Amino acid sequence: MLAADSRPRILILEPHAPGHHATYLRWVVEAIVERGWVAVVATTDKALEHPLLRDLVRAHEGVELRIIDAEWPAGAVQGRLQMIR
């Protein structure tokens, strides 16, 4: 069964948004939205404290936000599969 919005959806996992991460994320999301796709950004409440991330989510209709419940030390890599779960 197709969802009401059948546009392609691209999942982006960004548990940390310090420094340049938010800028790169903005560029990727803007490119996805320009193609008419939906960018699903999975991030943490702490990462949303970054002003660029807050603005990004509000600025584009094609952006969905999902909050990840993760409390990892900055820079810690837990593995992509663990993050998706």
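I began with Thr43, which counts as buried because its relative accessibility is 0%. Buried means under 20% relative accessible area, exposed means over 50%, and partly exposed lies in between, with a 1.4 Å probe and protein chains only.

I noted the ground rules next. This is a predicted model, where local features need pLDDT of at least 70, side-chain atom pairs count only at pLDDT 80 or more, and totals for chains, interfaces and linings use all residues. Residues are numbered from 1 along each chain as its sequence is written, and side-chain values use heavy atoms, with hydrogens and water left out.

**Entry: around Thr43**

I placed Thr43 in strand 2. Strands (E, at least two residues) and helices (H or I, at least four) are DSSP runs, numbered from the N terminus. I found Glu14 opposite Thr43. The side chain of Thr43 also reaches the backbone oxygen of Glu14, at 2.5 Å.

Which residues does Thr43 contact, leaving aside neighbours within four places in sequence? I listed Glu14, Pro15, Leu48, Leu53, Leu65, Arg66, Ile67 and Ile68. Contact means heavy atoms within 4.5 Å.

I traced an open sheet of 3 strands in the order 1-2-3, with parallel pairing. The edge strands are strand 1 (9–14) and strand 3 (63–67), and each pairs on one side only. Neighbouring strands of this sheet are turned by 20° against each other on average, direction ignored. Two strands pair if DSSP finds at least two bridges between them. I looked up how strand 1 joins strand 2 (residues 38–43): 6 bridges do it, and the two run parallel. Strands of a sheet pair through backbone hydrogen bonds, either parallel or antiparallel.

I then turned to helix 1 (residues 21–34). Helix 1 lies across strand 1, strand 2 and strand 3, and runs at about 175° to strand 1. Axes are lines fitted to C-alpha atoms, for helices over the stretch in contact, and angles run from 0 to 180 degrees between N-to-C directions.

**Entry: the whole chain**

I read the elements from the N terminus as β-α-β-α-β-α. That comes to 3 helices and 3 strands. Of the 85 residues, 31% count as buried. Among contacts with a separation of 6 or more, 73% come from residues 24 or more positions apart.

Where is confidence lowest, and where is it highest? Helix 3 (residues 80–84) is lowest, at a mean of 61, and strand 2 is highest, at 91. The chain averages a pLDDT of 78, and 75% of the residues score at least 70. pLDDT is the predictor's confidence in each residue, from 0 to 100.

Note on methods. A polar contact is a pair of N or O atoms within 3.5 Å; within protein, one must be able to donate a hydrogen and the other to accept it, and residues adjacent in sequence count only if both atoms are side-chain atoms.
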